[in-house]
Structure formats: C-alpha cells, structure tokens
Number of protein chains: 2
Amino acid sequence: MKSTLIIFFTACLMLLYVDGQAQFESPIPTQAQLDWQNAELVAVFHYDLHVFDGKDYNQAKNRITPIPDYNIFNPTRLDTDQWVKAASDAGFKMAILTATHETGFALYQSDVNPYSLKALNWREGKGDIVRDFVNSCRKHGIQPGIYIGIRWNSFFGVHDFKVLGDDAFAENRQAYYNKMCEGMVEELTSRYGDLAIIWFDGGAHGPEVGGPDVLSIFERNQPNGIFYHNTQRADIRWGGSESGTVPYPSWGTYPFPYSHATNGEVVFKNDFQLLKEGDPNGKYYMPAMSDAPLRGFNGGHEWFWEPNHEKYIYPLDRLMDMYYKSVGHNTSLILGLTPNAEGLLPEADVRRLKEWGDEIKRRFSSPLAETSGAGNKFIIKLKEKATINHIVLQEDIRQGERVRAFLLEGKTSTGWKTIFEGSVIGHKFIHAFDDLELKALRLRIDNAIGEPQIKSISLYQVE
Amino acid sequence: MKSTLIIFFTACLMLLYVDGQAQFESPIPTQAQLDWQNAELVAVFHYDLHVFDGKDYNQAKNRITPIPDYNIFNPTRLDTDQWVKAASDAGFKMAILTATHETGFALYQSDVNPYSLKALNWREGKGDIVRDFVNSCRKHGIQPGIYIGIRWNSFFGVHDFKVLGDDAFAENRQAYYNKMCEGMVEELTSRYGDLAIIWFDGGAHGPEVGGPDVLSIFERNQPNGIFYHNTQRADIRWGGSESGTVPYPSWGTYPFPYSHATNGEVVFKNDFQLLKEGDPNGKYYMPAMSDAPLRGFNGGHEWFWEPNHEKYIYPLDRLMDMYYKSVGHNTSLILGLTPNAEGLLPEADVRRLKEWGDEIKRRFSSPLAETSGAGNKFIIKLKEKATINHIVLQEDIRQGERVRAFLLEGKTSTGWKTIFEGSVIGHKFIHAFDDLELKALRLRIDNAIGEPQIKSISLYQVE
C-alpha cells in the first residue's frame, strides 16, 4: 500500500513537471501594467526652459547648448489644473510631467540639483510644478506619472549619459552627476505619493554602464508603479515610432525584460519591428505604447510649445485614426501636450482635445450589443437586423493575452461572411469597416494559450 | 622780429620736449590705491562648501571634485558682525569675502549661478552672506571688498578657466560659463554699493584668451574700486609668496599695467622677484600685497577653517614679524581668516587677532617724536636723550614714491651713527633695531624723483 502511494505521487509529480515544461503560460500583467493599459489615453506634458525663449526648438542644438538665462522661465498664469482638466475632459486617465528634460532644469524644489525652480525669481524660488501637477491630477481623478530625463543635461554638460571630458575631473563629475540623478529619483519617487509611472526617457543606464542606480530607488519607493526603463527592466515598451500608432498585430509580450536599452542589434532592425510587434511567445509582459505629440500634423512634431504653431495640431480625423491604431491596436496612446509660456495649455489644443474626447465617446459609448465570457466561440444575435461598422474586442488581460488567432464573422442576408481574421486581441482591438447589415456576429477563436477569457465583444453603428 | 619770435617758440617747444623725455615722473596712486595702502591690514574671509564637510581641504583634489552634498552648508549661528568686529578690533580697515571660490558655489542670491545660496535649505534658500558681510563692514567702519573666483569651478567643470571637453558642446558651455561669470560680476558690483576692491583670484582672463569680459563691468559699476586683476589691469600686485611678507625693497611701481596674468617669463623667474620687488622705474602705480592665512604656522597654511586646527594659528611674535615685513615694507597685509561651520570666527582666532591689534597699538600709538615735510634733509632733535628702537617713515604717496635712496642716522653720545641705508619708503617703512640712546635723528635723502614729500618720520621706544 505504501509503495503504491509513493509510485502514485511520483507519477503525479512527473506529470506536473512535464506539464510545466511543455505548456507556455501567457505572462500576466502587474496591477500597474493593467492600470496602464486600462488608461488607454495618457497625456505627457513637456515643459522646460526653452518654452520661454521664443525660438523654435532644435533638439540636436539644444542638447549641446545651455539656455542663456534660466530666469526666462516665468509662467505668470501657470495653472496645472487647466492642463489636467483638459486631458481629463478628453477622456485621459493618466498624465505625466517632465520633471526634468534635456536642459537638466528641474521643475520642482530639488535639494540635489540646484538648476531647478529654486534658482528662479518666479514665485520667489518657491515654485514646485511637479507638486502642482500631481495635486491637479489627484483632484481630477487622473493617475500622475513623472518623466525624468537624465540622459542629456545641457547645463551640467552631459551628452548621452556621459559627462564631458575624459580626465579625472570628468570622472569625478560623472560620479557626482550619477549621485545627483539618484538623488532626484529619490526625491521624485518619495515626495509625491504613489505614481503610476516613472519614465526615464532615453532610458536610465545603470551602474553596469557607468550610470546611476535608479532602479533600486524606484523599487523601494514606488513598488506599485510602472518603471520605464533601463538596461534591466521595462514594464512597457516604446512602440517604435512617434506616430501615435503601432501596426497590427502588436503583442503585449516581449522576449526580454528590458525593451531597447541594450540589444540594439535585435531591436533596432527592420525599423524597430520587434518593438512595434512584440512577440507572442515573449516571456515578459510588456505592452507597447503609441506616442505622438498633439502638434504633429502638417510637418510639425512638437513635444514643446512654440508660439503660433497651432497649424501643427492634428485635425480630428487624424486623431481618430491614431486612436484606432493605438488604443485599438492593444497599446496606450501617449499624447504630448504643450503648455505655453504663460503656463496654460493653449485654447486651440484644449478645444481639439475636447472634440476628440467627445468623438470617441460618441462612437463608443453606446454599443448596439455586447457580450463576454470564457471559451472559444461567441455569438451575438441581434434582436433585429442592424447596420454595424465597428467591433471592439477585449480580452481579460489579467489572465494574459491568450488569443493567438481569431475569426470575426457577420451574418448577413446572404449568410455568414468573414469580417476580419486576426491574431492578437489583448486589452483592446478595434475593427472599423464599411457598413454591414448584420443579424448576428460570431467570434471564433482558433488558437489560444489556455481558455480564452473575453472581457467584451461589442458592436457599434457609428454615423 | 617775427622770425625771432618763431625761433624763440621753437626753442621753447624743443626744451619742453627734451624735458618730457628726460624727466621720469613717479606714478601716483588712485584714491582707491591710497585707501588700499592706508588700510594696511586687510582681512580676507574664505568661506565655501567644504568648510562643512569635516575633511581636510586638499586644494588640488577639491578643484577636480564637486562637493557631494551642498546642503551640508548650514551655518546655524552665522554672524558676520562677529567676523568683522574681530577684524576691526584688531585694527583692520578693509575686509574681503569670497563670494565664490573654487567650488563655484556663490554665497549670495545669484540670478545667474544656480549653484548658490538659493539652492540651500539653509535660511530657506533666502540667505545672502555677501549682503550680511557688506552690512557688517559698513556697521563697523570697515571698507568691504569682494573676492570672485572664476578660474576654477568644480561643480560646473571648469579648470584653469577652461570648461571641460573639446567639442562644440564644450565650446557652448564655455560661452555660457563666461556669460555666467559676467552676470555674477554684474550682480556683485551693482548690488552692494561701493566696494573697495573686486579681487579675481588667479586672475580673470578676458575675451582675448577666451574668457569673460569682466573688466568693463567693473569699470562701469565700481569706477572707484581696486581691480585685481586680469590680463589688462591690476591695481595692486601679488607679493610673490603667501608668507605675509615681502622683501625690502618692495617698490609700489611696476613696469606693466597687469601684474602676472601674462608675461610669465618675466614675472615668474627668480621666485617671483619682480612681483616681490616691483620696479622703481615702473610706469604703473601697483603696490604689492603681502598675503598669508592666520592659520599658517607650524606647517599649516589654511585659508579655510578645519576642525581642531587651532595649532596652526600664528603666535603673536610671528604676526608682529609679519607686520614689520608687510606693512613695514610698503605693502598691505592680507590676512586670511576662517569662519567655521557654525558661522563664527573661532574664539582662538578672535583672541589672537585682538592680542595682535593690541600689540601693534602698544608699539606704535605713542611716538616719542615725529616730524614731516618736504625736502631732502630732516632732523628730529629730542628734548632729552632717549632709548629708541623703532623708526617709522612714510612718504606722502599721493605724490608718488619719490625717494630712491635715503640714510637714517642717529646722534649718540659718540656722534652720528648710521642706523639704516635704504631705498624705498613709500607708504610706510618700519625699521626695528637694537636699543640706541639717541639725542637726535637725521633722515637724509640722497636720491629722489622730484622733491621728497615726507608724511611722517616717527621714533618709538618699544619695551
């Protein structure tokens, strides 16, 4: 009896082992990643000294040219409530502020970076725009995040992480700069409560490449936030362009725990193909983002405000197209917004955001029909024939991206007709198509990792 | 008749011309230079971030190593009145503060250098030690001066005037740094009223060598001050050592309008001989200074305070010797004083200064006899025989250093006896010698440029 039992348990363990080896389990997101994907629309506000200089921003030149007079920074009507309300009114759920960008100037009361609001005459050196911004976010129910640029610092003399010079003095200043960066990260991650995301633009190369150790500080102070990104870790990934779109399919999984801070030979080929598409067999949950500035139309591409550049604001149809190819392609859309030298988001931008948010609501707030559940096959029967031109699919990504191949069919007066053959669904897949008169819709999942968990299938008639 | 007149005038013009060629006129000082020499004792207070770091100052290392945390600067008991009163009580007439030294950190509310008191938590970023200091000087009847260090900046990455690196970025930062320096000079020369001196330590290389143009700013804002120094101008000159002494003779005139910012091949030879001695035929009035830190004894040489280094405070006899070889050698003595991390001049230093001032007063406040006047020969007859061991000579240097060679003789019981054969008198010459019983003293000037103008001959009996 005893030996039989042992044989039985051993067999069980072997089965479990074989199962563990053989079955790929789709990685599941952290709560922070879920929040990130549920946000769908994320605003990033860029604000820095050169907003006030009256000159067109030239990134390459600015990176190697300190702003002559930092006291030009004087936003006499600063109102972060107005910024955040504009984003909130448009349906944004998350917003990020550049606490430092490439000048190195810090928009808060830093105790480690003297090149900060403390140096200004503005508000008698007592201004803290990061605090104002975070407060405004909380007031408007928006999750705040902070962008920290440490790769460039035109004031201190840092180019692509490296302090200028190559002697002992430069080494000492590099060590000092790294400490300063760590100090800023400590301040920014500890002073403003829970943050949805800390965004190191251009990455935050760590000690292994002579940079600061910011990851451990983030992990200590913001264990529930999104970390983006360094050579060890990225919780989201860049979507490979600044067009505000990703191609379809864009999988939320990725083969490396970091996105593109290293292994350029893999990531950078074919126009960032891996970043854009991800990898359905990737072991790491790391959804892509789609990023673009609102002022990216008509030859413009402006992360910062410039006077009289309203012509670059995307028209509504382009923003809707962007919405379909970002949110509708399983990514969050990061939209760059540009507060002006007065300290306000310009009225033209505010209006366009409102129009856009209204249009998204108009199209998607009233589905004609909706269903959800677990399984491989779903049918929505309409009470009566209806004109359909949008379908929105969502997986319950808390359980991972399980769907690998699916088919959408509509029952027309002449029988079942293929509407779309797809692969990834993920957080959201939006399919827009020419009007079809349908009596029913069928979703068939032909390939999946485990049982598909469909959070929502919804049908829309958009006029 | 007409031609006779022409010949007469021509002859006159020729005579004038010959006269102008032949006669050397001793250069005369500006009012600022007069004030400087009349001050005789000038305190220079060094204060910077590393006073607070608890480590021994190592200039070479500090120059290439930024101070890790500038918020260590926290002088909880700062009292510039106490500093200045200590100097005033000791007889000092002028005092200088390092507004910036080699860290680059500015002890005031700069609008162009963020690495300043604005960056600190101390006094909520509102401290202005330059203002405190200048106010204390005016309160105690001391002429204030400001020391500005721009040759080194360990924070910004400046070494011997040059910003680190050698690419376009470095060039841009150099241009920025130069502007920052000009901005600081503008602030420091315009915000604090009339200043006795602006002291650029290590010089202020001008635009001709890629540096800032500080001279024109000084000349506009402080036309009545001492400028020390750059490649164009120096109103005083370094005395060639930091021993607090110069050799005898040390002429107050110099062959160049600048001291040692250029022409190193002439100035730096023979252990700075030209700086020490000057040149009796020099066309420029430029008296030497003697500089030393009070804490320069016993192997120490400390311009900045360090904890528990009272052992380096010069004893009284060494200070008196220094006084004879500086003030008594026609130079002003610049004494370095070191406020501590609490913000006070240490008690031991204050006591020594007081002792020293008292001793100077004891020796020199009551001459046994005194005379003055113009001419080549002076006799002081004593009412009765007296023991003399100190003679102090002063020219009226408003009319230049005229005396080139002089003889001091004393009438003893056995007749006239040579006491000293000298060359320069200038602002002050002190001669100390073994006790002599004298009935009279004779000063004979054997060589002079123009008629000697003797401001004072005084005799002392020091016990």
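**A tour of chains A and B**

Select chain A: 50% of its 463 residues are buried (20 or more other C-beta atoms within 10 Å of a residue's own, with C-beta atoms placed from the backbone). This is a predicted model: local features need pLDDT of at least 70, side-chain atom pairs count only at pLDDT 80 or more, and totals for chains, interfaces and linings use all residues. Residues are numbered from 1 along each chain as its sequence is written, while chains are lettered from A and ligands numbered from 1 in the order in which they are written.

Switch to cartoon view. Chain A holds 11 helices and 18 strands (DSSP runs numbered from the N terminus: helices are H or I, at least four residues; strands are E, at least two). Along its principal axes, the C-alpha trace of chain A spans about 70 × 70 × 40 Å.

Next, select residues 403-412 of chain B, strand β15. β15(B) pairs with β17(B), residues 429-448, in the antiparallel sense over 8 bridges (pairing takes at least two DSSP bridges). Find Lys411(B); opposite stands Ala440(B) in β17(B).

Phe406(B) has Gly422(B) in β16(B) as its bridge partner. β15(B) and β16(B) form a hairpin, with 2 residues between them.

Notes:
A residue is buried if 20 or more other C-beta atoms lie within 10 Å of its own, exposed if 12 or fewer, and partly exposed in between; C-beta atoms are placed from the backbone.
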